[in-house]
Amino acid sequence: MNKAEISEIGIKNAQTIFRNLSFDELIEHELRNGECVMTKSGATAVDTGIFTGRSPKDKYFVNQDPSNRYIAWGDVNKKVDKAIFEELLSLAQHQLSNKDLYLTDAYCGSSPASKRSIRFVSEIAWQAHFVTNMFIRPSSEELETFKPAFTVLNACKTVNPSYKEQGLNSDVFVVFDVEENLAIIGGTWYGGEMKKGIFSMMNYWLPLEGKLSMHCSANVGKEGDTCLFFGLSGTGKTTLSTDPQRALIGDDEHGWDDEGVFNFEGGCYAKVINLDPSSEPEIYGAIRRGALLENVVVDENGVVNYADGSKTENTRVSYPIEHIDNFQPSLMAAHPKNIIFLSADAFGVLPPVSKLSKEQAMYYFLSGYTAKVAGTERGITEPVATFSSCFGEAFLPLHPTVYAKLLGEKIDQHGVNVYLVNTGWTGGGYGVGKRMSIKDTRACINAILDGSIRESEFDITNTFGFHIPKTLGDIDPIILNPRNAWADRDAYIIQRDSLAALFIKNFQKYTEGQSDFDYSAAGPQLPTE
């Protein structure tokens, strides 16, 4: 039966098919094949080759009806003709033919009303291990009748020699045929292409059903109160959602349907550069047998040097979510009570915590702001403002306003409170002020979660119009208003208005032309001459 299924997708003369292996079997295969090394903790470690991150410039969607009516074409979602896709598919099929193959069946989405069944095919054992970690593993009974709604052919060992003639970016390709429910990967071994590829597809499917797909973490309290944490890399999304007093629903990708919030995944994919067991004990403790490390430096005794970024700063570990002690077994929870947008503002302008109106929530969700600081990326020597629509622009096949409209509808329907929390700088920008203390940030988060922040008296700031508490628990009231936290108030006003101008410029893409979705009035306002 397995070989017949493989033949149906154009793979010829498949040899042994290893289907849905256990963790122990996968580890045995990847070690026997020489793909990985065993570390002292019991996790296996793999090098992903020359690609230690995704290749966004090599990602394409087939340009065809009806999906091309919905996809927002541009730099994020690039078109490829069906004929070129067929050529690339032939390359992938040829690469996987006459081989032993690893076939992994999994679900994306824990909600029975919204989940998708996905099949991954690869000739690499560790790639099967990766998707087994990252997606939801069907029961043995479910596997007996499993039928994939979408298939991924990972032919990472092949490349596309004709890319120049085809007008493509490079010999690497990650291409989605929405109508055929098929994706193909070639030229890159990086496992994250499979994870984020399926996330992109969920971001296509669910909104067309009136369901919201989200790039966020989520946890739930003992009283059943759910909280969502949106934020770009470096804002504290994973750290702040991992709370010993609250169960982790998931750390990265979620949906929101009529039943509530649900995790897309069955695992976690954490950065491990400079991993410290004292500051991130949950992640450190999750790196044990079954976990899969990527691009870390391992010595001859199997000891990992997490401080060594010589292969990449993007060192990672994937592990099943049950490696975290305090997780939500159902991977689902009720409609959220609170939503938190996290920004690491390196300019020292945003308050530590602000309560947002529904209109402000729409504005800052579409803005998706944080700032990169010196040392985070090569070439960055001073703070740089970064805007990513809906906190995940790279994975949005549809126009960002589609997701924002759904968020607004759900905020209204369920009476959700929305807050903006700055985990960046206070008292001045990077190099002048200081980073917000984790103690104060935790105090802001806890006040949101226990509801005490709503008992505060609020001020409204100039320019940005943020509602900020005058006092909040034991937090020094001076830092609650950035203008008061700066020693040089004139310098603060200059920096505030400079950042406001960046927000306004970024948001113009949502207001130009025929847009009927203008929330610019909820954003910062500069005086007009």
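## A walk through the predicted model

Let's start at a helix near the end of the numbering. The buried residues of helix 12 are covered by, among others, strand 12 (226-231), helix 8 (237-241), strand 22 (336-343), strand 23 (353-356) and strand 26 (417-422). Bear in mind as you look around that this is a predicted model. Which residues are the buried ones here? In helix 12, they are Thr441, Cys444, Ile445, Ala447, Ile448 and Leu449. The helix itself runs over residues 438-450, so 13 residues, and goes 18 Å from first C-alpha to last, close to the 18 Å expected at 1.5 Å a residue.

Helix 2 covers residues 23-32, and its Leu26, Ile27, His29 and Glu30 are buried. Why do these four belong together? They sit on the same side of helix 2, because they cover an arc of only 165° around the axis. As for what lies over the buried residues of helix 2, the cover includes strand 1 (17-19), strand 2 (37-38), strand 3 (44-46), strand 6 (101-108), helix 4 (125-134) and strand 17 (292-294). After helix 2 you'll meet glycine 34, whose phi is positive too, near 75°.

Next, the nonpolar interior. In soluble globular proteins, nonpolar side chains tend to be buried together. Here the largest nonpolar core has 88 residues, and Ile339 and Phe341 are the ones with the most contacts inside it. Helix 7 (residues 192-205) supplies the largest share of this core, 7 residues. What does Phe341 touch? Setting aside residues up to four places away in sequence, phenylalanine 341 is in contact with Phe230, Leu356, Ala361, Tyr364, Phe365, Phe391, Leu407, Val418, Tyr419, Leu420 and Val421.

Helix 7 deserves a stop of its own. It's mostly covered, with 14 of its 14 residues buried.

Rolling a probe the size of a water molecule over the atoms shows where empty space is left. The structure holds 5 cavities of 30 Å³ or more, and the largest cavity has a volume of about 80 Å³. Its lining is made up of Arg54, Ser55, Pro56, Lys59, Val174, Phe176, Gly192, Glu193, Lys196, Gly197, Ser200 and Phe395. Two elements give two or more residues to that lining: strand 9 (173-177) and helix 7. Of the lining of the largest cavity, helix 7 gives the most, with 5 residues.

Valine 261 is in strand 15 (residues 260-263). Is valine 261 buried or exposed? Its relative accessible area is 0%, so valine 261 counts as buried. Leaving out residues up to four places away in sequence, valine 261 touches Ala218, Thr226, Leu228, His254, Gly255, Trp256, Leu331, Met332, Ala333, Ala334 and Pro336. Glycine 267, in strand 16 (residues 267-271), is buried as well, at a relative accessible area of 1%. Apart from its neighbours within four places in sequence, glycine 267 is in contact with Asn133, Met134, Asp251, Tyr319, Pro320 and Ile321.

Most residues other than glycine have a negative phi, and most peptide bonds are trans. Asparagine 20 isn't a glycine, yet has a positive phi of about 55°. You'll find asparagine 20 in the loop between strand 1 and helix 2, partly exposed at a relative accessible area of 24%. Asparagine 295 also has a positive phi, near 60°, and is placed in the loop between strand 17 and strand 18 (297-298). At 2% relative accessibility, asparagine 295 counts as buried. Finally, where's the cis peptide bond? One joins aspartate 65 and proline 66, with omega about -5°. Proline 66 lies in the loop between strand 4 (59-62) and strand 5 (78-80).

Note on methods
Residues are numbered from 1 along each chain as its sequence is written. This is a predicted model: local features need pLDDT of at least 70, side-chain atom pairs count only at pLDDT 80 or more; totals for chains, interfaces and linings use all residues. Side-chain values use heavy atoms; hydrogens and water are left out. A nonpolar core is a set of buried Ala, Val, Leu, Ile, Met, Phe, Trp, Tyr and Cys residues joined through side-chain atoms within 4.5 Å. Buried means under 20% relative accessible area, exposed over 50%, partly exposed in between (1.4 Å probe, protein chains only). Helices (H or I, at least four residues) and strands (E, at least two) are DSSP runs, numbered from the N terminus. Contact means heavy atoms within 4.5 Å. The arc is that of the directions from the helix axis to the C-beta atoms. On a 1 Å grid over the protein atoms alone, a cavity is a set of points where a 1.4 Å probe fits but cannot get out, and a pocket is an open set with protein on both sides within 12 Å along at least five of seven lines; lining residues have an atom within 4 Å of a point. Grid points are joined across faces, edges and corners, and a volume is the space filled by probe spheres set on the points.
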